[in-house]
Amino acid sequence: MKVLVPIKRVVDYNVKVRVKADNSGVDLANVKMAMNPFCEIAVEEAVRLKEKGVVTEIIAVTIGNKAAQEQLRTAMALGADRSILVETEEDAQPLAIAKALKALVDKESPDLVILGKQAIDGDNSQTGQMLAALAGMPQGTFASEVNVADGKVKVTREIDGGLQTVELSLPAVVTTDLRLNEPRYASLPNIMKAKKKPLEVISAADLGVSFASSTKTLKVEPPAERSAGIKVASVAELVEKLKNEAKVI
Amino acid sequence: MGILVYAEHDNNSIKGATLNVITAAKAIGGDITVLVAGSGCGAAAEAAAKIDGVSKVLCADNAAYEHQLAENVAALVAEAGKGSSHILAAATTTGKNFMPRVAALLDVEQISEIVAVESADTFKRPIYAGNAIATVQNSDSTKVITVRTTGFDAAAAEGGSASVEALDVAKDEGKSAFVGEELAKSDRPELTAAKIVISGGRGMQNGDNFEMLYKVADKLGAAVGASRAAVDAGFVPNDMQVGQTGKIVAPDLYVAVGISGAIQHLAGMKDSKVIVAINKDEEAPIFQVADYGLVADLFDAVPELDSLV
């Protein structure tokens with residue numbers, strides 16, 4: 001069984017981003033970039049399924065500029081067998097990304113597509129669901145457990161009230177939540193081996209997908225700052241302030 | 001034209017999150033139609049008709065919608081919402097699950113988690129875990145939007161008298177099935193709706209120690225939340241997580257106990273009106289956003305708090 005794992009290159013989650021002075025966006029110059037954390041979980045899940053003998057081939061894909069090859073190499077160092085870069089200089093939005101992925105799904109016919117539930121830059125949480133709709137596949141979003149058996153996948157999902165389990169026919173889309181697994185680190189020998197694994201570069205035009213967007217970002221601003229308040233000396237003083245000053249209890 | 005709002009409900013009543021979405025719809029402007037989809041959801045549809053500002057309720061009562069499976073609900077909403085100026089749902093795990101499918105079916109982009117309406121086509125939304133706020137303008141003829149409920153007040157649940165129409169559309173895609181669910185049972189208010197939230201972090205040391213927080217919470221009518229560290233350590237279940245990838249809350253009072261204040265946690269609670277931090281590490285970043293900080297061992301402070309409230 002074949003698994004497609006779409007991943008995204010984003011600002012490292014430890015970086016505190018700053019808004020540019022002209023409010024045109026966030027400053028990404030000389031900022032550390034990394035694989036989106038939810039995508040790492042997706043790669044790890046695919047690798048575990050392969051280790052269990054359920055999966056035979058893992059294909060990592062991304063849509064982005066040349067630099068995104070770095071994250072594809074990381075995915076291959078973690079266990080993906082080969083990878084595809086759909087190269088574009090444009091800032092692709094989820095719908096266009098889903099369309100590009102749909103074109104790759106048509107080409108590769110994976111049984112399962114595993115991807116992160118959201119990227120920590122745009123915080124959209126759309127791509128997996130959109131791909132599922134375009135490809136006519138069922139979806140198991142926000143997964144905390146994935147079991148493949150008898151041509152179906154059972155997905156336990158993290159929902160607001162607790163957990164929900166759904167059973168999906170294959171092919172299906174799964175998006176990963178934080179507690180699905182703990183991703184491994186790539187070992188040095190595997191990093192070396194990944195350099196020899198195949199990385200195919202396709203231009204967006206070859207896939208017949210346009211990255212033009214109907215959504216325009218007019219401006220990006222820093223959020224309203226919260227300033228630190230006061231330190232209280234005792235619990236009694238705290239309770240007094242909450243009752244008489246803040247009037248919240 | 002008009003705005004279609006997808007309602008969340010328990011078959012009898014409309015969930016609070018939907019009332020915030022109605023307020024967002026009012027800010028956009030236009031006739032508001034509420035879609036109630038479920039199995040045996042007639043009473044919920046009647047309740048939706050009473051919400052202030054709603055002009056029509058569509059009730060899609062069919063077994064296919066019983067568990068809000070994304071495949072079936074998205075097909076329904078895409079059909080019911082075709083031609084609407086906007087389709088809105090709360091950015092809960094339900095809305096986040098099916099709405100992007102609706103957008104893809106209609107071949108339009110989605111605008112996720114708006115926190116403000118600037119005009120009918122321009123909205124504000126947080127990006128980078130709330131470290132930046134983007135103002136975005138969308139030119140699609142139908143705008144598919146999820147609404148972060150903390151950005152909008154709740155509309156009045158009473159005062160409206162909309163008509164209720166049955167929507168006899170059965171969309172069963174047949175590719176997914178509900179197996180089961182484990183829902184947290186609690187008499188405490190829902191995290192996202194509570195006026196007071198008390199959250200514990202890694203400093204709680206174990207799940208049993210959360211009992212201290214439950215005791216104080218019950219005296220104050222508060223909900224209890226947790227940081228990701230506490231959830232990952234297995235102290236409490238995932239549905240209690242407050243943060244970028246958990247629940248976003250904005251209560252009148254948020255009490256962070258033994259939480260250091262990682263940016264991912266702050267992203268989930270920094271819009272609270274009053275923030276209290278109790279932590280023994282006076283350098284903890286949580287103090288930078290707290291209105292009232294108490295540097296103390298939580299195992300002394302929480303029992304004392306319990307005795308004083």
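Let's start with helix 3 of chain B, residues 70-81, which lies across strand 1 (3-6), strand 2 (32-38), strand 3 (56-61) and strand 4 of chain B. Against strand 1 of chain B, helix 3 of chain B runs at about 160 degrees. Please keep in mind, everyone, that this is a predicted model.

Now, what is the strand order in the open sheet of chain B? Reading across, the seven strands come as 5-9-4-1-2-3-10, and the pairing is parallel. Strand 5 (110-114) and strand 10 (163-166) of chain B stand at the edges with a single partner strand each, so each has one side without a neighbour in the sheet. If you like angles, neighbouring strands of this sheet are turned against each other by 25 degrees on average, ignoring direction.

Let me zoom in on one pair. Strand 4 of chain B, residues 86-90, and strand 9 of chain B, residues 143-147, run parallel and are joined by five bridges. Within that pairing, B:A89 sits opposite B:T146.

On to the interface. How many residues does each chain bring to the contact? Chain A gives 78 residues and chain B gives 84. Between them the two chains bury about 6,700 Å², with 53% of that on carbon and sulfur atoms. On the chain A side, A:D160, A:R226 and A:V235 lose the most area to chain B, together 11% of what that side buries.

For those of you who care about the polar part, there are 52 residue pairs in polar contact across the interface of chain A and chain B, both partners at pLDDT 80 or more. Several elements of chain A give two or more residues to the side touching chain B, among them helix 3 (94-108), strand 7 (139-149), strand 9 (162-169) and helix 7 (235-244) of chain A. Strand 9 of chain A has the largest share of that side, with eight residues. By residue type, the chain A side divides into 38 nonpolar, 21 polar and 19 charged.

And the salt bridges? The count between chain A and chain B is four. In one salt bridge, the side chains of A:R179 and B:D232 meet at 3.1 Å, N to O.

Here's where I'd like to finish: strand pairing also crosses from one chain to the other. Which strand of chain B is joined to strand 13 of chain A? That is strand 16 of chain B, residues 292-295, running parallel to strand 13 of chain A, with three bridges joining the two. Thanks, all!

How values were computed. Residues are numbered from 1 along each chain as its sequence is written. Chains are lettered from A and ligands numbered from 1 in the order in which they are written. This is a predicted model: local features need pLDDT of at least 70, side-chain atom pairs count only at pLDDT 80 or more; totals for chains, interfaces and linings use all residues. Side-chain values use heavy atoms; hydrogens and water are left out. Two strands pair if DSSP finds at least two bridges between them. Helices (H or I, at least four residues) and strands (E, at least two) are DSSP runs, numbered from the N terminus. Axes are lines fitted to C-alpha atoms, for helices over the stretch in contact, and angles run from 0 to 180 degrees between N-to-C directions. Contact means heavy atoms within 4.5 Å. Buried area is the accessible area (1.4 Å probe) that two parts lose on being put together, summed over both. A polar contact is a pair of N or O atoms within 3.5 Å; within protein, one must be able to donate a hydrogen and the other to accept it, and residues adjacent in sequence count only if both atoms are side-chain atoms. Ala, Val, Leu, Ile, Met, Phe, Trp, Tyr, Cys and Pro count as nonpolar, Asp, Glu, Lys and Arg as charged, and the others, Gly among them, as polar.
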